[in-house]
Amino acid sequence: MKMKMIQKLTLAAAVASLAMATAFLPAGSARASAEGPELHEVDWSFNGPFGTFDRSQLRRGYKVYKEVCATCHSMQYVHFRNLGEPGGPEFTGPEVKALAAGYQVQDGPDLSGDMFERPGEGKDVFPAPYANEEAAAASLGAYPPDLSLVAKSRVGGPDYIHALMIGYTEAPADVTVPAGGYYNPYFTAGSGIIAMPPPLSDGQVDYDDGTPNTAEQMSQDVSAFLMWTAEPKLEARHRLGFQVMAYLLALAGILFFATRKIWADQH
Amino acid sequence: MSGNSTYNPSNGFTRWLDERLPIMRLGHDTAVSYPVPKNLNYWWTFGGILTFMLVAQIITGVVLAMHYVPTTALAFASVEHIMRDVNYGWVLRYTHANGASMFFIAVYIHMFRGLYYGSYKAPREILWILGCLIYLLMMATAFFGYVLPWGQMSFWGATVITNLFGAIPLVGQSVATWLWGGFAIGDPTINRFFSLHYLFPFLIFGVVILHIWALHVTGQNNPAGVEVKNKEQDTVPFTPYATVKDAFGLSVFLIMFAYFVFYAPNSLGDVENYTQANSLKTPLHIVPEWYLLPFYAILRAVPSKLGGVILMFGAIAILFVLPWLDTSKVRSARFRPLYKQFFWLFLVVCLVLGWCGGQMPDNVLFSVGGVDIIVTHLARVLTFYYFFHFIVLFPLLGLIERPKPLPESIAASVLGGKTAAAKA
Amino acid sequence: MADIHAVEPTRRDFLYVATGAFAAIGAGAAVWPLIDQMNPDASVLALASIELDIGAVPVGQEITVKWRGKPVFVRHRTEAEVAAADAVDITELKDPQTDDQRLMAGPDGKLEKQWLILVGICTHLGCVPLAYKGEYDGYFCPCHGSVYDTSGRIRKGPAPTNLEVPPYQFVSDTKIKIG
């Protein structure tokens with residue numbers, strides 16, 4: 001009888017602590033959806049406790065990134081070698097080498113003290129299209145944010161990126177869009193006015209794997225790719241999480257019976 | 001520690017050691033033979049959980065410090081290096097970051113348990129005050145730690161909190177400049193915060209030892225709130241009874257902890273902290289971590305800067321004098337029908353204050369006859385209640401309340417519970 | 001309590017041991033990340049091997065490059081240096097090795113006699129020896145006076161072994177991969 005009460009109390013403790021922790025969560029998400037339109041929730045392959053990245057999608061997303069985004073955006077925390085690591089697009093060793101060699105990176109100084117350009121290698125990060133934030137802002141009108149972590153630094157993550165990519169509309173009558181700006185209701189940080197022109201249009205990037213290259217598809221692919229750049233250990237996290245959870249549940253079970261056994265003579 | 005030791009060295013070596021350094025005796029008396037009231041419920045397992053969390057935070061923190069670089073230029077990048085390159089770096093960092101939140105969940109449960117069962121009352125005043133001190137040190141440690149990743153919220157949170165000291169009359173600005181080591185948060189600040197973030201957990205560890213010492217002198221309070229009268233009938237030895245129960249409580253707690261680390265590692269943090277600090281651009285909405293939100297709400301509820309700072313620190317300071325504000329002779333809320341209701345009201349007030357702290361202060365809640373009621377108004381009412389609860393209700397309730405009859409002993413309360421349950 | 005032990009001592013003891021053992025397994029597993037985090041991380045391992053263009057090093061000169069945080073000497077030996085290294089009677093050496101054993105073959109399978117690649121760390125106590133110094137015009141360690149010849153073999157002084165040859169291979173005639 002007492003055991004029943006103890007179980008209930010334990011459950012209550014767990015629920016209460018979860019409630020205390022999550023009671024404050026809506027504060028974060030509520031403020032974003034209060035301003036911009038509701039985000040369409042994509043059924044990503046990496047969602048859920050067993051989610052993994054879709055390798056072909058990451059490879060397509062990389063192509064979109066390379067041909068479209070990289071013209072203006074940097075990606076300073078991602079190395080070429082990452083493209084070949086487990087849990088990512090998993091390009092083969094020679095593929096990564098060839099991909100990296102397609103970029104010129106600055107190195108040096110050489111023996112005479114000069115900086116020089118050489119083909120990229122696995123150890124290098126993606127070279128930035130502009131020397132610094134100021135140069136990018138001066139040339140483009142606004143600084144295009146670094147994309148390494150963008151899927152974790154925006155409320156909604158990949159859903160937000162996807163919505164933003166294809167969410168450009170005509171501005172409502174009461175909104176004046178300044179010269180060099182565009183209207184995108186999802187861009188809440190700028191109250192709908194964004195300096196980035198609509199980046200994707202149907203058929204823009206040629207896919208090698210025969211996937212239809214609609215703007216919608218490309219947008220999803222690049223959003224998934226950016227989720228990977230932000231959280232490259234997501235698959236490892238899900239895998240280890242399952243092992244830890246299985247162990248802890250078993251441990252809690254054993255301890256529950258041990259507790260009951262040991263306390264049996266006290267009730 | 002509680003006096004009569006029952007330790008009996010079992011062989012020549014332990015006898016030899018016991019005469020020179022009775023460390024085995026200390027361990028035996030503290031963690032094996034120490035008598036615990038037999039009616040403790042699962043709310044009493046949080047002391048053990050907190051000890052575990054402190055050690056877990058220290059270990060993961062020491063390890064993270066092997067890779068972290070406390071400079072404005074490299075702090076953010078070094079955290080990303082930990083997340084991307086260091087072997088198991090992502091587990092260590094997510095465990096440490098979410099561990100801070102778990103630590104606070106556990107400490108709040110521990111504190112509210114103390115409030116409900118009157119654990120702060122004589123003779124446990126020192127025990128309670130040491131606990132308040134630990135809580136204060138925890139908040140300072142968490143604040144220093146939150147600055148280290150050098151994200152936008154790190155920077156602006158630190159700016160807001162250190163500017164609070166600017167509210168001190170006459171010397172405020174000098175104090176703020178002294179804290180920063182410059183004219184704004186910068187390299188000197190992040191380096192000293194790193195140093196203090198490393199130091200404070202060891203201060204906490206020291207106070208925890210005093211806290212446990214004080215606990216073992218007075219003995220634990222218990223749900224019935226009556227003292228141990230007969231050690232044989234009222235108590236059980238710590239090992240195995242409390243050990244296994246604490247371990248079970250901890251394992252359930254760890255399941256929740258693991259859920260956050262592996263499946264929702266960023267849900268308790270702010271997205272802004274994945275953007276590197278930029279001293280020229282403030283985020284639209286600055287909020288502290290969830291565990292500081294109630295105090296942040298109190299700070300913003302007061303129209304004057306100095307007044308807000310005083311009330312915010314006052315909200316913590318008042319906890320230290322609770323043992324002398326409460327006039328009731330009865331400890332446990334089980335037998336205090338009036339106090340029990342106000343306890344739950346107080347809990348709700350704290351939760352709603354926390355909610356207010358996370359909202360824009362000007363958000364309109366509802367309109368009455370054309371007058372907009374905004375978040376700040378609600379926060380003011382709740383702030384008033386927070387202090388009213390301690391300053392007015394605590395002394396008053398003890399005088400006007402008619403407590404229910406107390407059980408004769410702990411053993412009697414256990415038997416009483418059993419017969420009641422059997423009837424049901 | 002006493003009677004419990006009398007009734008079922010083995011079951012209860014088994015419970016303690018099983019619970020403790022299961023918890024210990026978890027604690028043990030949790031320790032591994034704490035240890036492994038000190039091993040070389042992905043960014044360090046990415047630099048574990050380097051490719052190097054040696055075509056520009058003139059005969060009779062040597063360059064120093066950094067590999068795994070250590071200096072590596074790449075020496076373009078003259079014919080006289082090669083001949084001197086070959087002429088040594090290895091039975092007289094403290095650490096007997098022929099010059100050929102310390103060289104690698106090029107892409108054509110022929111030994112690249114003119115290229116000597118060495119880890120530039122004295123095998124005595126870890127100082128960096130000076131090139132083209134000492135009695136044999138090979139290397140001389142300024143710390144304790146070890147003298148190496150033009151094959152990097154120890155000839156005089158306290159060092160116990162020859163200078164280490166790092167693992168490397170010729171990718172092309174003028175390109176080597178170290179590590």
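Trainee: How many salt bridges does the rule find across the interface of chain A and chain C?

Mentor: This is a predicted model, where local features need pLDDT of at least 70, side-chain atom pairs count only at pLDDT 80 or more, and totals for chains, interfaces and linings use all residues. Side-chain values use heavy atoms, without hydrogens and water. A salt bridge puts a side-chain nitrogen of Lys or Arg within 4 Å of a carboxyl oxygen of Asp or Glu. Between chain A and chain C the rule gives 1 salt bridge.

Trainee: Which side chains meet in a salt bridge at 3.4 Å?

Mentor: The distance runs from N to O. The partners are A:K97 and C:E51.

Trainee: How much area do chain A and chain C bury between them?

Mentor: Buried area is the accessible area (1.4 Å probe) that two parts lose on being put together, summed over both. Carbon and sulfur atoms carry 72% of it here. The value for chain A and chain C is about 1,300 Å².

Trainee: How many residues does the contact take from chain A and from chain C?

Mentor: Contact means heavy atoms within 4.5 Å. Chain A gives 14 residues, and chain C gives 18 residues.

Trainee: Why is the pair of B:Y116 and B:F343 edge-to-face?

Mentor: Rings of Phe, Tyr and Trp (its six-membered ring) pair if their centres lie within 6.5 Å; planes under 30 degrees apart are stacked, over 60 edge-to-face, the rest tilted. The centres of B:Y116 and B:F343 are 5.0 Å apart. Their planes stand at 70 degrees, so the pair is edge-to-face.

Trainee: Are B:F155 and B:W156 buried or exposed?

Mentor: Buried means under 20% relative accessible area, exposed over 50%, partly exposed in between (1.4 Å probe, protein chains only). Both B:F155 and B:W156 are buried.

Key
Residues are numbered from 1 along each chain as its sequence is written. Chains are lettered from A and ligands numbered from 1 in the order in which they are written.
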